[in-house]
Amino acid sequence: MENCSPSIIEEKLVNVLAHIWNHVNWRRIRGRRYLDVFEHRLEYAKYEPDIPSVLQRLGNSLSIQGLNLPVEDVELLRKCESEALDMLRRWTKLLALKAYVRAKELRGGERK
C-alpha cells in the first residue's frame with residue numbers, strides 16, 4: 001500500500017510540475033509573467049480525469065513536445081490519484097508557486 005499522505009503527494013506534485021516548468025521554452029512567452037502563464041495553463045489542465053492526462057494537457061498547452069518526468073513520482077501520483085487530483089484542484093496557485101521555486105533549485109538558479 002502506497003503512502004498517500006498529503007505531504008508526500010504535495011512533494012511529488014511540486015517535483016513533477018517543476019520538471020515541466022524546466023522543459024518550457026520561456027523565451028517564446030512575451031509580455032507576461034512566467035508564473036501567471038504557468039498558473040493559467042495548470043488551471044486549464046487540472047480538470048482532466050487522471051494524472052497522466054493532466055500532465056499531457058499541461059505539456060501540450062505549454063508547447064512541450066516530449067516530457068521527461070521522474071517516473072517514480074508520476075507512478076506514486078497515479079496510485080494516489082484521487083488525493084492528488086483533489087490537491088491539485090484545490091491548491092493550484094500554491095502548487096504552481098512551489099513548482100517555480102523548486103524548478104529554480106533544480107537548475108541551480110541560472111535563469112529567472
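**Exercise 1.** Find the handedness of the disulfide between cysteine 4 and cysteine 80.

*Solution.* Start with the bond. A disulfide is a pair of cysteine sulfur atoms within 2.5 Å. In this predicted model, the sulfur atoms of cysteine 4 and cysteine 80 lie 1.9 Å apart, so they qualify under that cut-off. Next, take the torsion about the S-S bond: it is about -75°, so the disulfide is left-handed. Cysteine 4 sits in the segment before helix 1 (6-23). Cysteine 80 sits in the loop between helix 4 (71-79) and helix 5 (81-90). The pair is 76 residues apart and links distant parts of the chain. Helices here are DSSP runs (H or I, at least four residues), numbered from the N terminus.

The ground rules: residues are numbered from 1 along each chain as its sequence is written. Local features need pLDDT of at least 70, side-chain atom pairs count only at pLDDT 80 or more, totals for chains, interfaces and linings use all residues, and side-chain values use heavy atoms, without hydrogens and water.

**Exercise 2.** Is each cysteine of the pair buried, partly exposed or exposed?

*Solution.* Recall the scale: buried is under 20% relative accessible area, exposed over 50%, partly exposed in between (1.4 Å probe, protein chains only). Cysteine 4 has 24%, so it is partly exposed. Cysteine 80 has 0%, so it is buried.

**Exercise 3.** Which residues of helix 6 are buried, and where do they pack?

*Solution.* List them: Thr92, Leu95, Ala96, Ala99 and Ala103. They cover an arc of only 100° (directions from the helix axis to the C-beta atoms), so they share the same side of helix 6. These buried residues pack against helix 1, helix 2 (34-45) and helix 5, where contact means heavy atoms within 4.5 Å.

Note on methods: Helices (H or I, at least four residues) and strands (E, at least two) are DSSP runs, numbered from the N terminus.
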